[in-house]
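Please read them with the structure open beside the text.

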Amino acid sequence: GAEDQSTVLGGPPAPMGVCAFHGVAGRAVKALAPFTEADPNGILLALLCLFGNRIGKGVNYLVPGGGSHQTNEYLAIVGAPALARKSTVWDVVTNLWRHAEPDLADGDALCAGISSGESLIERLQDRPADTKHLVAGTRDKRLLVYLDEFGTMFETMIREGNTLGELIKVGFSGAPMQLMIKGNRQRASGYHLSLIAASTSEQLR
């Protein structure tokens with residue numbers, strides 16, 4: 001049959017089918033639908049992304065070869081300017097989650113925006129082995145970063161000397177992060193990093 005022209009021309013994909021909205025997450029999206037203009041597909045995916053982050057590193061799926069997939073995800077929400085309502089998705093999901101975990105924001109579990117690799121490592125850094133360095137370290141290594149303007153992150157990453165792009169890539173795998181900069185001893189390991197980025201289609205072109 002004929003190919004879907006919207007897909008061939010780079011248009012939006014078809015909405016997810018009803019089977020995607022099963023279980024607790026699906027029921028939550030359906031219950032919220034009459035009270036928000038946020039896109040239900042975006043709410044579902046953002047809710048699953050947040051859920052996967054709060055689970056932490058204790059759950060994983062073993063894959064052939066000895067590797068494993070953690071429950072952290074990177075999600076990009078892209079839409080037309082009049083229809084995206086990107087921040088609304090974030091607000092809906094985080095407000096819903098606070099009913100289950102009221103102290104969510106108090107533990108620095110959510111981060112709205114990040115500008116450099118140094119700031120990312122600082123949030124997830126290990127406790128130093130020697131006590132001469134007055135660095136507190138991080139007890140809870142779960143972090144969900146929200147970027148309201150995805151395009152801005154790309155502009156930041158292409159700046160000379162900026163390490164954010166490389167560390168974002170490393171962060172998905174959970175491998176240790178450390179900057180090879182003289183005098184900088186910060187290191188992050190054992191963390192659980194997730195990311196939700198929002199943008200309009202025009203910003204990505």
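**Notes on the central strands and the nonpolar cores**

1. In this predicted model, strand E4 (residues 110–112) pairs with strand E5 in the parallel sense, and three bridges join the two. Within this pairing, cysteine 111 has valine 145 of E5 as its bridge partner.

2. Strand E5 also pairs with strand E8 (residues 192–200), again in the parallel sense, here over six bridges. In this second pairing, leucine 144 has serine 194 of E8 as its bridge partner.

3. How enclosed is strand E5 (residues 142–147)? Because five of its six residues are buried, which is to say under 20% relative accessible area, the strand is largely enclosed by the rest of the structure.

4. The largest nonpolar core comprises 25 residues, and Val93, Leu144 and Ile196 are those with the most contacts inside it. Two or more residues of this core come from each of helix H2 (23–32), helix H3 (40–55), strand E3 (74–79), helix H4 (86–97), E5 and E8. Of these elements, H3 provides the largest share, with six residues.

5. Once neighbours within four places in sequence are set aside, valine 93 is in contact with Ile43, Ala46, Leu47 and Leu50. Apart from the core of 25 residues lies another one, of 19 residues, which includes Ile114, Val145, Leu164 and Tyr191.

Definitions and conventions:
Residues numbered from 1 in each chain as written. Predicted model: local features only at pLDDT ≥ 70, side-chain atom pairs only at ≥ 80, totals over all residues. Heavy atoms only, no water. Buried < 20%, exposed > 50% of the residue type's maximum accessible area, 1.4 Å probe, protein only. Helix = DSSP H or I, 4+ residues; strand = E, 2+ residues; numbered from the N terminus. Pairing = 2+ DSSP bridges. Core = buried A, V, L, I, M, F, W, Y, C linked by side-chain atoms within 4.5 Å. Contact = heavy atoms within 4.5 Å.
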